[in-house]
Amino acid sequence: AGTTLGAPMIWAQNIKDITLRQFGTGVSNLNDVADKVKEDLGFTLEMTALDTDSVTQRAATQPNSFDIADIEYFICKKVWAAGNLQAMDTSKIKNYDKIVGIFRNGLLTPGSTIAQGTAPHTVGFTSGPDGTDFVQEESGWMTLIPTIYNADTLGIRPDLIGRPITNWSELLNPEFKGKASILDISSIGIMDMAMVVESMGEYKYPDKGNMTREEIDMTLGIFTEAKKNGQFRSFWKSFDESVNLMASGEVVIQSMWSPAITAVKSRGIECVYQPLEEGYRSWGGGIGLSKSLTGLERDAAYEYINWYLDGWVGGYLMRQGYYSAVPETSKNFMSENEWGYWFEGKAATDVITSPTGDALAQAGDVRDGGSFDDRMGSVACWNSVMDENQYMVRKWNEFIAA
Amino acid sequence: MSGIIQDLELVSVTKRYGTALAVNAVSHRFRPASYTCLLGPSGCGKSSTLRMIAGHESVTEGSILLAHRDISNLPPAKRGTAMMFQSYALFPHLSVLDNVAFSLKMKGVDAKERRAKAAEMLELVDLTALADRLPAQLSGGQQQRVALARALITRPQVLLLDEPLSALDPFLRVRMRTELRNLQKELGISFIHVTHGQDEALALADEIVVMNDAVIEQAGPAREVFNAPKTRFVAQFMGGHNVIALPQGHFAIRSDAVGVTPAGSGQMEGHVTAIEYQGTYVSVMSRIAGDQEVTALVPDAAYFDAPHHPGDRIGLTWDAKNLHQLTA
Amino acid sequence: MSGIIQDLELVSVTKRYGTALAVNAVSHRFRPASYTCLLGPSGCGKSSTLRMIAGHESVTEGSILLAHRDISNLPPAKRGTAMMFQSYALFPHLSVLDNVAFSLKMKGVDAKERRAKAAEMLELVDLTALADRLPAQLSGGQQQRVALARALITRPQVLLLDEPLSALDPFLRVRMRTELRNLQKELGISFIHVTHGQDEALALADEIVVMNDAVIEQAGPAREVFNAPKTRFVAQFMGGHNVIALPQGHFAIRSDAVGVTPAGSGQMEGHVTAIEYQGTYVSVMSRIAGDQEVTALVPDAAYFDAPHHPGDRIGLTWDAKNLHQLTA
Amino acid sequence: MQARPNLTGWLMVSPLAIVLAVFLVLPIILIGVVSFWTATEFSIIPAFSWENYDFLFGSPVTYSVFLNTFKYAIITWALTFSIGFTIAYYLAFHIRTQTWQIALFLLCTIPFWTSNIIRMISWIPFLGRNGIANSALISWGVVDEPLDWLLFSDFAVILAFVHLYTLFMVVPIFNTMMRIDKSLIEAARDAGASGRQILWNVILPLTKSGIMIGTIFVVTLVMGDFITVRFMSGSQSANVGRLISNDIALLQYPSASATAIVLLATVLITIAILLRFVDIRKEL
Amino acid sequence: MEPRPKSFYVLTAFFALFMLFLYGPTITIGILSFQGEGGGLTFPMRGVSTYWFRDLFQQQAVGDIWGSFSRSIVLGLMVMVTTVTVSVMGGLAFRTRFKGSGILFYLIITALVIPSILISLGVGLLFSQTGLTVHWATSGFGAQLTWTLPFGLLIMFAVFNRFDKSYEEAARDLGASPWQTLRHVVLPIIAPALIGVALFGFTLSYDEFARTLLTAGSYNTLPLEIYGMTTNVTSPVLYALGTLTTLFSLAIIGVFLTIALIGNRRRARAGSDAGKGVL
Ligand SMILES: Nc1ncnc2c1ncn2[C@@H]1O[C@H](COP(=O)(O)OP(=O)(O)OP(=O)(O)O)[C@@H](O)[C@H]1O
Ligand SMILES: Nc1ncnc2c1ncn2[C@@H]1O[C@H](COP(=O)(O)OP(=O)(O)OP(=O)(O)O)[C@@H](O)[C@H]1O
Ligand SMILES: NCCCCNCCCN
Ligand SMILES: [Mg+2]
Ligand SMILES: [Mg+2]
């Protein structure tokens with residue numbers, strides 16, 4: 001294994017009996033990871049993959065049902081106050097200093113501006129080991145250890161659209177009536193909507209990451225209208241639903257996640273993760289520890305986190321189009337061609353394959369949206385939990401039901 | 001229907017269920033305006049015959065003629081027959097009146113008229129007071145009369161009854177059979193009544209048709225069938241007869257024609273096997289030579305003057321003219 | 001159980017279902033080792049009485065004594081009674097042998113012994129060949145005999161039978177009643193048999209207990225009940241009787257004691273209402289003054305010498321000594 | 001007789017009573033209580049408030065969703081009843097041997113024992129824009145453009161409902177039909193009734209109880225559904241069940257509870273009305 | 001044979017169409033589960049293979065099909081045994097018309113008609129409010145019982161409605177204690193119905209989705225897993241799973257039917273004359 005463990009012998013012997021229960025979305029709760037953990041660290045990691053809402057629900061209401069929560073930052077904002085998770089000591093995180101700035105001070109590069117919405121660093125730190133608040137500086141106590149993140153945009157079927165798409169507003173273009181889709185996860189969907197509304201020129205939000213009730217009503221009003229006019233073919237809740245919609249041609253333009261595009265492409269179907277003028281809607285995920293985790297298990301969990309940031313998982317995820325929290329360790333687990341294609345935005349020099357071996361790109365292809373800096377530098381907003389979240393959620397439900 | 005009474009005829013009628021023969025080439029002419037009983041043991045084909053006449057069972061071979069018209073392939077309601085079912089088959093969801101009016105409703109007769117006609121029918125069977133009840137609220141005898149009224153309202157030329165009395169208790173059974181008989185007389189149409197009770201058949205029938213094993217074993221006026229059974233089967237089935245094997249052949253003799261005398265003084269010797277008191281009579285069962293059972297029906301007074309007990313030896317006497325030779 | 005025969009006594013036994021009175025303070029002593037029939041119309045309380053004796057229904061008031069011991073509150077199996085159910089209640093999942101051996105199994109008798117005993121019992125009812133069959137594979141008569149064997153293996157002092165013959169066809173019914181009667185004689189225990197057929201009761205019973213409306217109307221030897229009914233109800237229910245209202249009171253006269261003469265020459269005048277042929281007899285029903293029905297049972301030969309038809313006027317004669325005064 | 005029938009009865013029924021008390025009664029009470037609480041995204045605040053009901057009854061969406069729920073229930077009922085009755089009638093009155101009746105009846109019931117979700121998704125390759133149905137229609141020249149409304153539509157929802165639940169009509173109706181004395185049919189025929197008249201005047205009234213039981217099943221299953229509507233409408237339509245499940249998904253338990261209470265009341269009232277037409281205990 | 005009316009042929013055609021409707025989709029996915037290795041969720045077939053079935057037995061990218069399958073079996077058996085036992089006891093109890101039976105009966109009807117999601121919600125709330133952990137074997141088990149018990153009980157009511165009391169009276173007459181009556185008479189006679197209740201108990205649990213949704217806790221049962229797969233899996237492996245679960249359900253019915261048939265046959269054989277030389 002590529003890790004150096006400064007662990008006492010007794011640890012090494014007991015660890016085989018340890019089982020950690022992790023849950024999260026299908027994005028990162030991959031059995032390959034559990035297998036690799038068993039191989040590298042010796043203990044058992046049980047993976048449960050759920051949809052985003054179920055993940056939130058379990059993190060908030062069933063603290064005893066897991067040891068490790070693999071959740072998104074906006075979920076953290078909802079559930080941290082419930083006290084089900086424990087703060088993590090950054091001094092125990094070997095690669096803490098190599099974690100990209102986005103998760104520490106919010107800045108990709110020292111000069112970057114911070115996008116609207118629930119940016120990860122705003123909910124990434126708490127005041128101390130028992131803190132239930134969020135603090136806006138690197139306090140040494142993290143709520144989540146970042147794992148993966150990405151800049152999301154619209155996915156399109158260029159073969160079925162046949163013209164360039166450059167704006168978020170195209171989602172509501174009547175040209176795509178009955179062939180558009182949006183995801184039915186309120187905290188994410190409302191941000192896509194906001195991007196569309198601004199792109200349409202209907203409204204400019206002072207802070208779309210924290211809308212007022214009127215703004216929420218207006219935003220959802222526009223989309224409800226579109227829904228009633230038959231703009232949408234379907235809504236989706238997990239990326240694979242979006243894959244099926246796109247691959248089957250039921251939908252030609254929709255909010256989409258990066259691996260979904262990868263999946264569509266791996267079937268030999270043309271699909272583009274279309275960079276848009278208004279920028280990306282971004283998200284980040286991380287690992288949190290259950291409050292009830294102590295002793296040997298907690299030690300194992302820290303081992304696991306350190307291993308996670310050590311590069312193997314990063315490489316694995318990067319090969320699906322996500323970004324790793326510590327890109328430089330991932331580089332060790334990727335070929336030069338892969339690193340160039342996925343991270344640096346260079347043209348592929350050889351076939352690019354998915355972790356399961358399907359060809360995703362041929363030599364000469366360039367990743368949609370270019371390099372890491374280009375993409376993460378154009379983030380317009382983060383998935384959000386607003387002050388009026390409660391109201392938004394109810395209105396969202398009305399929108400779905402309307 | 002016309003007032004002229006029509007006769008019903010079966011011409012070599014056969015019924016097969018799959019390969020099983022239920023009715024085997026039966027021919028019979030039913031006399032018009034008479035009461036006929038189809039009598040026979042269970043499974044002999046009585047119901048099948050009746051149901052073919054009614055049109056509820058197809059005829060495998062042969063024809064059924066009513067007034068010389070072949071009705072074998074007509075639907076039940078077009079035949080001029082009506083059927084009264086064994087357990088009456090009253091519609092449980094309809095009142096007595098609506099049950100009786102059912103066939104008129106099917107014909108499209110309007111509500112007022114059909115109710116009036118049904119009420120008339122109920123009058124006939126003396127049920128006017130119960131017109132609004134549901135079948136479940138009636139006693140067995142009342143149900144039977146509703147079923148009758150419902151069948152008769154179609155003005156059939158032939159009324160078919162499948163064991164109409166079997167659901168009644170013995171007391172009621174005797175009363176209702178008198179009513180049936182009177183009704184038939186009154187209406188002047190043919191009744192064909194299936195039963196396996198010979199007393200019922202004797203009491204009711206102008207003509208008895210005894211069936212056995214898918215064929216008609218004997219048919220004729222009740223008295224003739226009882227007094228002059230042609231076969232061993234008929235003699236035994238009709239009851240009240242002894243069948244005795246003598247050197248000259250098999251003979252039937254009515255039990256009441258057998259006398260009991262002290263041992264040694266009869267035509268034959270036997271010993272008593274059982275005594276059954278029957279009110280007016282006492283039946284003395286005895287075993288004679290050749291392991292044959294002979295029953296003597298002795299008037300009660302006579303018996304109790306000189307009672308016998310199982311095991312006693314007795315003599316049996318009869319008048320030779322009462323011996324009746326059987327053909328099979 | 002002991003070989004000494006014990007008598008059964010009902011002391012003012014009452015059964016109420018809610019407020020409905022099914023059996024009203026009935027007292028009766030059943031004679032030991034005799035065949036008793038409980039006879040009466042439907043709903044008169046026969047089954048309730050029998051089931052109280054068996055222990056399947058609690059006694060509301062009064063007691064039931066067997067050999068002077070109050071058994072009213074004992075469980076069924078401890079009473080020294082055994083019951084044969086109307087539809088036999090043979091256990092459908094057990095073979096004939098296992099049905100018969102059931103009570104021994106419950107007692108913990110080991111398999112070999114109980115099978116041997118059950119086989120003996122089957123021998124008694126002549127069913128050895130069918131020991132391995134299931135009840136569903138038996139005819140009605142065979143089932144009845146299994147039920148008998150199963151009840152008798154408990155060596156009861158009293159065997160209770162609720163309409164044991166009603167599920168059989170008339171032919172079989174007559175045969176099985178002879179078997180029942182013989183069995184009772186052979187075993188020498190008491191049989192109490194519920195029926196609503198008076199012919200069955202007459203044929204079987206040493207003693208007949210006629211019930212009506214929750215009470216015993218008359219009890220006595222079969223011949224006494226038939227020949228000397230005490231009440232109008234008994235006279236009518238037993239059949240074979242006319243009840244005539246004369247200035248001196250109500251009288252019963254047996255139908256076979258009434259003669260038919262030409263009009264004008266009898267003790268009374270009437271007109272024929274119906275004729276029922278009964279084989280040995282013809283029953284001539286007539287209406288006399290006061291709208292009373294009188295039935296004369298005329299030997300068939302005599303009748304057909306001078307037949308009558310409905311509507312004919314006839315004379316009716318009887319011997320005054322046959323008139324029998326009724327008490328109610 | 002039995003010394004204390006009440007005591008024995010209670011003892012034997014206690015496991016049942018306990019299960020129902022813990023997993024039916026308590027939960028319903030709790031839902032009732034929680035419907036008057038409020039919530040944040042991560043916790044429930046146990047303080048009495050009408051807020052949930054205010055919001056529920058204050059939103060026009062609620063009414064349209066309830067209406068939609070009834071619409072699904074009624075259309076599905078009408079279809080399952082017509083199909084179920086016809087199938088049951090065919091099996092009970094047109095199939096002559098009992099062996100065949102049982103065989104065909106079993107054939108009808110087999111899908112009932114398999115996974116509802118699998119049965120639901122089985123429709124997707126059928127109905128999609130490039131699915132079997134559309135390909136066939138296009139290749140036969142019936143349509144030029146694929147029909148969009150085959151999938152992700154009310155049509156698809158109702159199709160799936162009918163597919164899943166027709167059996168619930170067939171079974172009880174078939175059972176009651178089989179109990180109709182065949183001689184009643186003969187008696188009707190004897191009285192001159194045509195096939196149609198027999199159907200209308202005899203069979204239909206005598207099958208009422210089976211129809212009611214089937215109706216109770218279908219109506220409650222459709223009214224309580226949330227998954228079929230989501231799957232088959234592509235999340236585009238909603239019924240009350242979805243309203244609740246969306247709320248639950250977003251941790252709005254009090255709001256979900258309020259909707260649930262209203263749904264429960266609606267269902268129970270509907271059932272109470274249906275039960276007036278049939279004595280279930282007698283029909284078993 | 002008797003001639004058929006015209007309506008017979010029309011209805012036969014209708015029945016055939018209904019069968020097509022009922023089985024068509026299942027057969028379609030049955031066919032699609034043999035999709036070639038490169039094929040997708042819809043037609044056309046790209047070759048024929050058992051690839052997706054083999055794939056099913058390999059570890060999937062996410063989830064744990066076989067773990068959830070074995071949980072579903074265990075849970076199904078738990079529910080089955082409990083349903084049979086509790087239904088029989090309940091059925092027997094209801095014959096005594098104890099006080100409160102009316103209310104309980106209406107509760108059973110309520111359990112039958114209450115939307116499943118309410119049970120899920122309510123049981124979930126109950127456990128969270130009392131600080132208990134939801135688990136498929138506790139809360140999930142209880143929630144499923146609210147669905148299987150009404151079915152089991154309704155079957156038992158139907159059975160006991162038709163059960164001839166004189167069997168029990170006869171047994172008591174023959175000296176059987178109440179327990180012996182139950183053991184040697186009642187249970188054997190109602191055994192075929194109990195097989196039916198068991199079949200219901202098992203398959204209803206095995207297929208139950210809604211009531212388990214919020215009550216299963218950390219580990220998925222098979223329907224939850226399948227549901228998860230419909231949102232996480234984009235290959236015909238889903239159809240392979242669908243085909244296999246359908247076959248498994250059929251196998252379960254087969255097993256129960258066989259048990260019933262063997263029981264019948266054994267009895268019939270015990271009672272037949274075959275080879276005994278009787279008569
Ligand atoms: N629908 C049927 N299918 C096959 N066989 C039948 C059918 N109906 C009657 N049978 C057989 O045909 C024969 C005659 O039956 P049928 O009902 O006519 O007898 P039955 O004289 O009326 O007898 P019972 O007195 O018992 O009513 C019997 O052997 C019977 O088993
Ligand atoms: N379990 C019961 N509950 C309420 N009433 C009953 C019950 N059993 C019998 N009865 C009523 O008690 C009366 C006597 O009934 P019982 O069964 O003893 O009559 P029966 O003489 O045997 O009649 P049948 O000849 O019809 O069998 C009837 O009015 C009957 O309705
Ligand atoms: N297919 C899921 C449930 C299987 C059985 N169907 C519903 C049960 C009603 N009897
Ligand atoms: Mg018959
Ligand atoms: Mg009785």
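**Ligand 3 and chain B: a quick chat**

In this predicted model, α6 (136–161) and α8 (178–207) of chain E each supply at least two residues of the shell around ligand 3.

Biologist: Which helix gives the most to the shell around ligand 3?

Modeller: Two helices of chain E, α6 and α8, each put in at least two residues. With 3 residues, the top contributor is α8(E).

Biologist: Why is the site of ligand 3 shared between chains?

Modeller: Look at who's around the ligand: Phe112(D) and Thr114(D) are among the neighbours, and so are Trp147(E) and Asp207(E). The site counts as shared because the residues surrounding ligand 3 come from chains D and E.

Biologist: How much of ligand 3 does the protein bury?

Modeller: The shell has 6 nonpolar, 3 polar and 1 charged residues. One of the surrounding residues, Asn116(D), has a polar side-chain atom 2.7 Å from a nitrogen atom of the ligand. On its own ligand 3 exposes 320 Å², and the share buried by the protein is 94%.

Biologist: Over to chain B: how far apart do the C-alpha centres of domain 1 and domain 2 lie?

Modeller: Domain 1 covers 8–227 and domain 2 covers 243–325. The chain's C-alpha atoms fill a box of roughly 80 × 45 × 35 Å along the principal axes. Between the two domain centres, the separation is 39 Å.

Technical notes: Residues are numbered from 1 along each chain as its sequence is written. Chains are lettered from A and ligands numbered from 1 in the order in which they are written. This is a predicted model: local features need pLDDT of at least 70, side-chain atom pairs count only at pLDDT 80 or more; totals for chains, interfaces and linings use all residues. Side-chain values use heavy atoms; hydrogens and water are left out. Domain bounds come from an automatic or database domain assignment. A residue is near a molecule or strand if one of its heavy atoms lies within 4 Å of it. A polar contact is a pair of N or O atoms within 3.5 Å; within protein, one must be able to donate a hydrogen and the other to accept it, and residues adjacent in sequence count only if both atoms are side-chain atoms. Accessible areas come from the Shrake-Rupley method with a 1.4 Å probe; for residues, only the protein chains shown count as cover. Helices (H or I, at least four residues) and strands (E, at least two) are DSSP runs, numbered from the N terminus. Ala, Val, Leu, Ile, Met, Phe, Trp, Tyr, Cys and Pro count as nonpolar, Asp, Glu, Lys and Arg as charged, and the others, Gly among them, as polar.
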